[in-house]
Amino acid sequence: MEINAAGIPAPLYRIDDGFPDPRIAPIEELIREYRRYGKSHLANHLMMYGPEHGSYHLRVELANFLNRTRGMQVSEKEILITKGTQMAIYLTAQVLIRPGDSVFVPDPGYHAANQVFNLLGAHLTFIPVDKDGMDIDRIEQLCLTKQTPKLVYIIPHHHRPTTVTLCAERRMRLMNLAHKYRFAVLEDDYDFDYHFSSNPLLPLASLDSGSHIIYVGSFCKSIAPGIRIGFMVAPEVVINEAAAIRKLIDRQGEQLLEESLAELLRTGDISRHLKKSHKLYEQRLENSCRLLQEQLGPYLTFERPNGGLAIWAKYRKDISAKAVARKASKLGLKISDGSNYFFQPNIIQPDNFIRIGYCSLDETEMAGAIDVWKQALVTFGLK
């Protein structure tokens, strides 16, 4: 068994939350550009302090990329480069939220975003999520009773954790409500690039005519989590406020990395990587769904997601996700324990839902992981 840096045996297998496979990332191309910029006449300039908004070159190329792939109409002045989506969420909240402000969040939802809103003293209202996404009826009911939010946080594309996509009718209704009641919408589009069943719905931001949407995303899911480049798209005045805050906590990003990524966007290397990984991940999704059905069908249920990097599954009622995770860990498998999905206070939260990342394991690895998982589940028996 492999030993990690802390001297503790590492698990044989790890089924993550929904990460890409870094082994197929375009690292050689990125290193090529990094080395080229590092040896160019720009090296000294790029090794010094730069703009807190991020590389101008990257913002221009990213604007072109977003406009081409997501139907948006933005310029580099409306983009702030961040270290991942999480920083973009934090900066958005810092600009918009004051203690006591109302923020509507999905439930189940994304724990790290809720933590940011709580840190800033927001009052969270939990909005249910069903097969068509966040419940817009509930949002409208609250607005009608004068409980209008300052901000609605939403993951309309491959919602985390459930993987569902907000349907077109609800998208239009949410946009209309934002315009009518003048609240902001924070659109987290962390893995837009991987949709398999049909053409992906365009972001809410592509429909925004009233400057109500702040759009955040990153390359952490399309390339690798360690490539900490994300982005925030918003009206220029909001971007400038966020950049001023970013300068206080992180000063700027790494210019050499940002310039290198900009070049990969310009040359089409990123688009080629996305095309290649899209095909591979779709194959891994089919393989994972087949193995789950064949090997674990008696123990859990799931629906094949239309896209994204994970599968949302539910154990039988008498099976605890935490108990399975503990047993699996002893057998060499690291898997979700079902925590940090549901958040409504004073309500007993389900303990039998899990999120299954399928992209970072190849077919042989996934088969091995599910075999260990099955060994852990067998101990619970069948009723």
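Mentor: The model is predicted, with local features requiring pLDDT of at least 70 and side-chain atom pairs pLDDT 80 or more, while totals for chains, interfaces and linings use all residues. Residues are numbered from 1 along each chain as its sequence is written, and side-chain values use heavy atoms, without hydrogens and water.

Trainee: Which residues have the most contacts inside the largest nonpolar core?

Mentor: In soluble globular proteins, nonpolar side chains tend to be buried together. A nonpolar core is a set of buried (under 20% relative accessible area, 1.4 Å probe, protein chains only) Ala, Val, Leu, Ile, Met, Phe, Trp, Tyr and Cys residues joined through side-chain atoms within 4.5 Å. Here the largest has 81 residues, and I139 and W373 have the most contacts inside it. Its largest share, 8 residues, comes from helix 10 (residues 269-296), helices being DSSP runs of H or I, at least four residues, numbered from the N terminus. A second, separate core of 35 residues includes L80 and I239.

Trainee: How far is E52 from the nearest side chain of opposite charge?

Mentor: A salt bridge places a side-chain nitrogen of Lys or Arg within 4 Å of a carboxyl oxygen of Asp or Glu. E52 is buried without a salt bridge, and R251 is 4.1 Å away. E52 lies in the loop between helix 2 (43-46) and helix 3 (56-70).

Trainee: At what angle do the axes of helix 3 and helix 9 cross?

Mentor: Two packed helices are described by the angle and the distance between their axes. The axes of helix 3 and helix 9 (residues 255-267), lines fitted to C-alpha atoms over the stretch in contact, with angles from 0 to 180 degrees between N-to-C directions, come within 8 Å and cross at roughly 35°.

Key. Buried means under 20% relative accessible area, exposed over 50%, partly exposed in between (1.4 Å probe, protein chains only). Helices (H or I, at least four residues) and strands (E, at least two) are DSSP runs, numbered from the N terminus. Lys and Arg count as positive and Asp and Glu as negative; His and the chain ends are not counted.
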